[in-house]
Amino acid sequence: MRLSMAISGGLLLAACLLATGASAQTGGSEGLSPTLSAIKTAHTVRLGYRESSPPFSFLDQANRPIGYSLELCEAIVEEIGVEVDDPNLKIAYVKVTSDDRIDAVLQNKIDLECGSTTANAERGKRVAFSPLMFVAGTKLMVPKASSVQSLTDLKGKTIVVTKGTTNEQAIQAADKKSSLGLTIVVGADHEQSYQTLVDGKADAFATDDILLSSLIVRHKAQDKFRVTGDYLSYDPYGIMFRKGEPQLAAVVDRSFRKLGSNHDLVPLYNKWFTARLPTGERLNVPISLQLEEAFKAMDDSASANN
């Protein structure tokens, strides 16, 4: 599926997935939902972060979690503070991986997952998602000298994917559909998958295009690797949280609408995708028309409705 043909359907899906968060719940103390009640009791919100998903969620030079997704989560934490009447909530950062992030939400190890997670229908059966925060799609990273231009050029060759990602599923499906005879190896995280390609143990690395570009920039490997191929999947990103708590879903939605109404979403995007990162790199990825329109839809200010 080409990315440009899937945008409108994806935006609708993202809205539907958010709505799935608003199903029946068991109320906690003081009329709060279970998650919000636990947060109020602990005075702490647990944010799941990724170590190697720049610029969404990664570590700075001091090994502190930073990123676009974490800043969005911090805005949600502020709104949670309003909801539970505790403006001084603490944040506990909990490391998650692509493979265990959903279980971390389901098993109550984290309250919000702040990474680079695709909101799709399959996952929407188990967890809830925020409004759309980014649009990506699966592409390939290959050595600059490689003749590979598309997935079919990898017939009979080795490709690395990161465990527990939609990209892994997309490659498996494409391999089966086109009888490519791929050898698919799996990395524990994006950094390990990247290193597998660097070490020559794979002919290509498949994940979301923005993550591939970010890894190339972060490793200053523009002269070694390139991103290529048609989009092999459509991946709308969202902040992940527990399903079945409409009060929590409303808080998450409200935080996005406040950012949208204050016209903070585009500047926040630019901070992480076009300006120089705290770690020194610059991605130079301007906001897409589709994401800009999604952000405009979050603007509830009077001027937006005139």
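Predicted model: local features only at pLDDT ≥ 70, side-chain atom pairs only at ≥ 80, totals over all residues.
Local features need pLDDT of at least 70, side-chain atom pairs count only at pLDDT 80 or more, and totals for chains, interfaces and linings use all residues. Residues are numbered from 1 along each chain as its sequence is written, and side-chain values use heavy atoms, with hydrogens and water left out.

**Disulfide**

The structure holds one disulfide. The term means a pair of cysteine sulfur atoms within 2.5 Å. Here the partners are C73 and C114, with sulfur atoms 2.1 Å apart. The link of C73 and C114 is left-handed, with -110° about the S-S bond. It ties together distant parts of the chain: C73 sits in helix α3 (residues 68-83) and C114 in strand β6 (residues 112-114), 41 residues apart. Helices (H or I, at least four residues) and strands (E, at least two) are DSSP runs, numbered from the N terminus. C73 and C114 are both buried. Buried means under 20% relative accessible area, exposed over 50%, and partly exposed in between, with a 1.4 Å probe and protein chains only.

**Sheet and its loops**

Three strands form an open sheet in the order β2-β3-β4, with antiparallel pairing. Strands of a sheet pair through backbone hydrogen bonds, either parallel or antiparallel. Two strands count as paired if DSSP finds at least two bridges between them. The edge strands are β2 (52-53) and β4 (65-66), and each pairs on one side only. β2 runs antiparallel to β3 (residues 57-59), and two bridges join them. S53 has S57 in β3 as its bridge partner.

The loop between β2 and β3 holds P55. P54 and P55 are joined by a cis peptide bond, with omega about 0°. Most residues other than glycine have a negative phi, and most peptide bonds are trans.

N63 belongs to the loop between β3 and β4. Its phi is positive, about 65°, although N63 is not a glycine. N63 is exposed, with a relative accessible area of 57%.

N108 lies in the loop between α4 (101-106) and β6. Phi of N108 is also positive, near 60°, in a residue other than glycine. N108 counts as partly exposed because its relative accessibility is 41%.

**Helix α9**

Helix α9 (residues 246-261) has 16 residues. From its first C-alpha to its last it reaches 22 Å, close to the 22 Å expected at 1.5 Å a residue. The expected span is 1.5 Å times one less than the number of residues. Buried residues of α9 include L248, V251, V252, F256 and L259. Just after α9, H263 takes a positive phi of about 55°.

**Cavities**

Rolling a probe the size of a water molecule over the atoms shows where empty space is left. A search of the whole structure finds two cavities of 30 Å³ or more. On a 1 Å grid over the protein atoms alone, a cavity is a set of points where a 1.4 Å probe fits but cannot get out, and lining residues have an atom within 4 Å of a point. Grid points are joined across faces, edges and corners, and a volume is the space filled by probe spheres set on the points.

| Cavity | Volume | Lining residues by class |
|---|---|---|
| Largest | about 60 Å³ | two nonpolar, eight polar, four charged |

Ala, Val, Leu, Ile, Met, Phe, Trp, Tyr, Cys and Pro count as nonpolar, Asp, Glu, Lys and Arg as charged, and the others, Gly among them, as polar.

The largest cavity has 14 lining residues, and R101, S116, T165, N167 and D208 are the closest to its centre. Elements that give two or more residues to this lining are α6 (166-178) and β12 (204-208). The second largest cavity is lined by R50, E51, S52, K95, V96, T97, S98 and D189.

N167 lies in helix α6. At 3% relative accessibility, N167 counts as buried. The C-alpha atoms of N167 and S233 are separated by 7.4 Å, though the two are 66 residues apart along the chain.

L36 is found in helix α2 (residues 34-42). L36 is buried, with a relative accessible area of 0%. L36 and D111 are 75 residues apart in sequence and 9.0 Å apart in space, C-alpha to C-alpha.

Note on methods. 1 Å grid on protein atoms, 1.4 Å probe; cavity = no way out; pocket = protein on both sides within 12 Å on 5 of 7 lines; lining within 4 Å.
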